[in-house]
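Here is a guided walk through one protein model, written for someone who likes to look at strands, rings and loops side by side. Please keep the viewer open as you read.

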Amino acid sequence: MRVISKLAASVALATFLVIGSAQANVLTNGSFELGTPSPDPNGSTNVAVGDSTTITGWTVVGGTGAQGLSWDVTGSFGLIAQDQRYFLDLTGYADGNGGYFGVKQTIATTPGTQYLLSFYLGSDPRYGLQDGLTATASAGPTSATFTSTNDGLTQNLWQLETMLFTATGTSTDITLLGASANNSYIGLDNVTVDPTPLPSTWLMLISGFVGLGFLAYRGTKKNAVAFAAA
């Protein structure tokens with residue numbers, strides 16, 4: 001029984017560590033709540049390309065428009081954040097004039113570990129053609145383009161988007177950038193990056209539970225034989 005107890009403890013600990021790590025967001029300020037906003041009467045803060053201090057943890061990248069990225073608070077232009085109070089408009093304050101904007105953050109990663117990048121893409125039919133609204137996400141060499149599927153009737157729609165990537169180094173650049181077709185509004189909010197167990201890890205845990213069950217069965221069978229002999 002001691003062997004079974006030790007195996008049970010080991011499997012339980014491994015499960016706890018795997019599940020715990022999978023729930024740990026390694027990004028800083030994914031909901032854009034931290035920083036030094038200086039909102040105008042519309043509730044928007046303009047953040048220039050290259051600025052790495054105004055929005056804590058993030059560097060603004062992308063477009064060339066002088067007014068830069070629009071960092072908005074709930075209520076700005078009738079829009080609402082997906083999480084808490086603040087969100088980004090990747091078209092910038094000048095509505096896409098000078099190209100689309102984005103943000104970048106470099107995170108610490110473990111080579112060979114799989115991560116899940118998730119974020120919410122915002123759309124609103126009051127501000128353009130929604131089925132053409134796109135944003136790109138990249139993590140190291142992995143990238144993908146995401147498109148809103150707003151039916152054209154839903155205001156303040158936030159859609160969850162996800163992308164898996166495997167880290168190739170001890171640090172990985174996470175970049176989210178407005179892509180095309182909407183000059184007025186491309187929302188971004190609630191960005192997370194979570195380590196996820198690889199299939200081999202789950203296989204190890206399942207094998208552990210199977211082994212534990214087999215040992216428990218053998219122990220029960222032995223006890224039954226001993227009892228019958230007595």
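Which residue is the bridge partner of Gly 122 in strand 11? The partner of Gly 122 there is Gly 187.

Before going further, a word on the ground rules. This is a predicted model, in which local features need pLDDT of at least 70 and side-chain atom pairs count only at pLDDT 80 or more, while totals for chains, interfaces and linings use all residues. Residues are numbered from 1 along each chain as its sequence is written, and side-chain values use heavy atoms, with hydrogens and water left out. Helices (H or I, at least four residues) and strands (E, at least two) are DSSP runs, numbered from the N terminus.

Six strands form an open sheet in the order 1-3-4-11-6-9, with antiparallel pairing; two strands pair if DSSP finds at least two bridges between them. At the edges stand strand 1 (44-47) and strand 9 (157-166), and each has a single partner strand, so one side of each is left without a neighbour in the sheet. From one strand to the next, the twist averages 35 degrees. For such angles, axes are lines fitted to C-alpha atoms, for helices over the stretch in contact, and the angles run from 0 to 180 degrees between N-to-C directions.

Nine of the ten residues of strand 6 are buried (under 20% relative accessible area; exposed is over 50%, partly exposed in between, with a 1.4 Å probe and protein chains only). Strand 6 is therefore largely enclosed by the rest of the structure. When you inspect strands, remember that in a regular strand the side chains alternate between the two faces of the sheet.

Another open sheet has five strands in the order 2-5-10-7-8, with antiparallel pairing. Its edge strands, strand 2 (59-62) and strand 8 (142-147), each pair on one side only. Here the twist averages 25 degrees from one strand to the next. Strand 7 and strand 10 pair in the antiparallel sense over six bridges, and the bridge partner of Thr 134 in strand 10 is Ser 180.

**Aromatic pairs**

The structure holds seven aromatic pairs. Rings of Phe, Tyr and Trp (its six-membered ring) pair if their centres lie within 6.5 Å; planes under 30 degrees apart count as stacked, over 60 as edge-to-face and the rest as tilted. Two of these pairs are set out below.

| Pair | Centre separation | Plane angle | Class |
|---|---|---|---|
| Trp 71 and Tyr 86 | 5.3 Å | 45 degrees | tilted |
| Tyr 127 and Tyr 185 | 6.3 Å | 65 degrees | edge-to-face |

Trp 71 is buried at a relative accessible area of 0%, and Tyr 86 counts as buried at 12%.

**Two buried loop residues**

Where does Gln 130 lie? Gln 130 belongs to the loop between strand 6 (114-123) and strand 7 (134-139), and its relative accessibility of 3% makes it buried. The C-alpha atoms of Gln 130 and Asn 150 are separated by 5.7 Å, although these residues are 20 apart along the chain.

Asn 29 sits in the loop between helix 1 (2-22) and strand 1 and counts as buried at 10% relative accessibility. Its side chain reaches the backbone nitrogen of Glu 33 at 2.9 Å and the backbone oxygen of Thr 56 at 2.9 Å. Leaving aside neighbours within four places in sequence, Asn 29 is in contact (heavy atoms within 4.5 Å) with Leu 34, Ile 55, Thr 56 and Trp 58.

Notes: Polar contact = N/O pair within 3.5 Å; in protein donor to acceptor, adjacent residues only side chain to side chain.
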